[in-house]
Amino acid sequence: MKRIKTLLQTAVGIVSVTAIALSMTACGGHKHKWVWRHSDAEHWQICAEEECGQELENSRASHDVSSCETCITFRVLAFGVVTNVDFDAAHADFAREANQWFKQKGEVLGFSYTHTTDWNDLNDENLAKYELVMFLNDKPTQDEPRAAFQRYMENGGAWMGYHSAAFEMKSIEKNIWDWYHKDFLGSGEYWKNTWNPTGETLHVETQDHFSTSNLPETFLSAPNEWYAWEAWENEQSDLYGNPDITVLLTLDKSTFPVGNNPNKPNEIWTEYDYYPVAWTNQNYKMVYMNMGHNLQNYNDFEKESETFSQEWQNRFILDSMFGLINS
């Protein structure tokens, strides 16, 4: 089912080459470039030209989005808590925002997006239906789904993780997932964070990776709570010295200080240091990014920012997704 795809930057955004129909019809000075659009219940074709948008006659038909191979080129399965009960409100808010954003992008770019909060869905049989898995500020805590995920990744599955999906503190965790934090993520455990969530200038560490090849040298992020990491006790290799890890984005020198809450001076990083915020492990098809914590009022839970509000950050996310599928 998987089709190798490339991306074109057009006047209407990123469009999959395989989504463009070969048939073209003259219309008002241009030839139609037919692209697929879909909802859960049906699919259809429209002209990719922004000022046209004409629907191809007789192209609309009902379909099963979970199995359609006409308009769906790959499938995403995302895990993450979406309610504020017993969970960080800003983390849950990001998951809700991600669900809406990825579903909308999938309808335009030709992939299906399924979200669940049930970690029992992280099993061999179900994972075989999906080309990409996402952890939205969460991770499994039980041995069986953890083992299924490890098998999935070791057999060529793709993964994108956000923000607290990498959080780990040995002092509070009861069931440490060594393979995930040490071998897969390579980040060890959480060290410290900034506060309040702030938008910062990010530096592209390499453009020799599909996720960053289209980015400028620096760009502004959406507001986020930034994490830093440290090697576990008695471990010699960590995120900064691991030869399997390629750091993709860091906090740029020009952006310091980071954090702005005078009531928490220890959560303001006043001086520049090397803080990776996105990376990949060359042994797996994966990208982790620290983004995923909106600025939010914790008294009334009113959100004050959106993660998917910055064009270049969104480009990084989409290029990561399509690059993982094609790699």
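# A walk from the core to the rings

Start in the middle: the largest nonpolar core has 43 residues, and F102, M134 and L249 are the ones with the most contacts inside it. Select those three to get your bearings. Keep in mind as you look around that this is a predicted model. In general, nonpolar side chains of soluble globular proteins tend to be buried together.

**Next stop: strand β17**

Select residues 276-281. Is this strand enclosed or open? Six of its six residues are buried, so β17 is largely enclosed by the rest of the structure.

Now bring in what sits alongside. Show residues 245-251, strand β16: five bridges join β16 to β17, and the two run antiparallel. To see one of these links, pick I245, whose bridge partner in β17 is N281. Then show residues 285-289, strand β18, which is joined to β17 by two bridges and also runs antiparallel to it. Here, click on W279 and look across to Y288 in β18, which stands opposite. Follow the chain from β17 to β18 and you'll pass through a hairpin of three residues.

**On to the rings**

W179 belongs to helix α4 (residues 178-184) while Y284 sits in the loop between β17 and β18, so the pair ties together parts that are 105 residues apart in sequence. Both partners are tucked away: W179 counts as buried at 10% relative accessibility, and Y284 counts as buried at 17%.

Across the whole structure, a search finds 39 aromatic pairs.

**Last stop: charges over rings**

Finish with two spots where a charge meets a ring. Select R60 and W44: the charged end of R60 sits over the ring of W44, 4.1 Å from its centre. Then try K192 and W191, where the charged end of K192 sits over the ring of W191, 4.2 Å from the ring centre.

Technical notes
Residues are numbered from 1 along each chain as its sequence is written. This is a predicted model: local features need pLDDT of at least 70, side-chain atom pairs count only at pLDDT 80 or more; totals for chains, interfaces and linings use all residues. Side-chain values use heavy atoms; hydrogens and water are left out. Buried means under 20% relative accessible area, exposed over 50%, partly exposed in between (1.4 Å probe, protein chains only). Helices (H or I, at least four residues) and strands (E, at least two) are DSSP runs, numbered from the N terminus. Two strands pair if DSSP finds at least two bridges between them. A nonpolar core is a set of buried Ala, Val, Leu, Ile, Met, Phe, Trp, Tyr and Cys residues joined through side-chain atoms within 4.5 Å. Rings of Phe, Tyr and Trp (its six-membered ring) pair if their centres lie within 6.5 Å; planes under 30 degrees apart count as stacked, over 60 as edge-to-face and the rest as tilted. A charge sits over a ring if NZ of Lys or CZ of Arg is within 6 Å of the ring centre and within 35 degrees of the ring normal.
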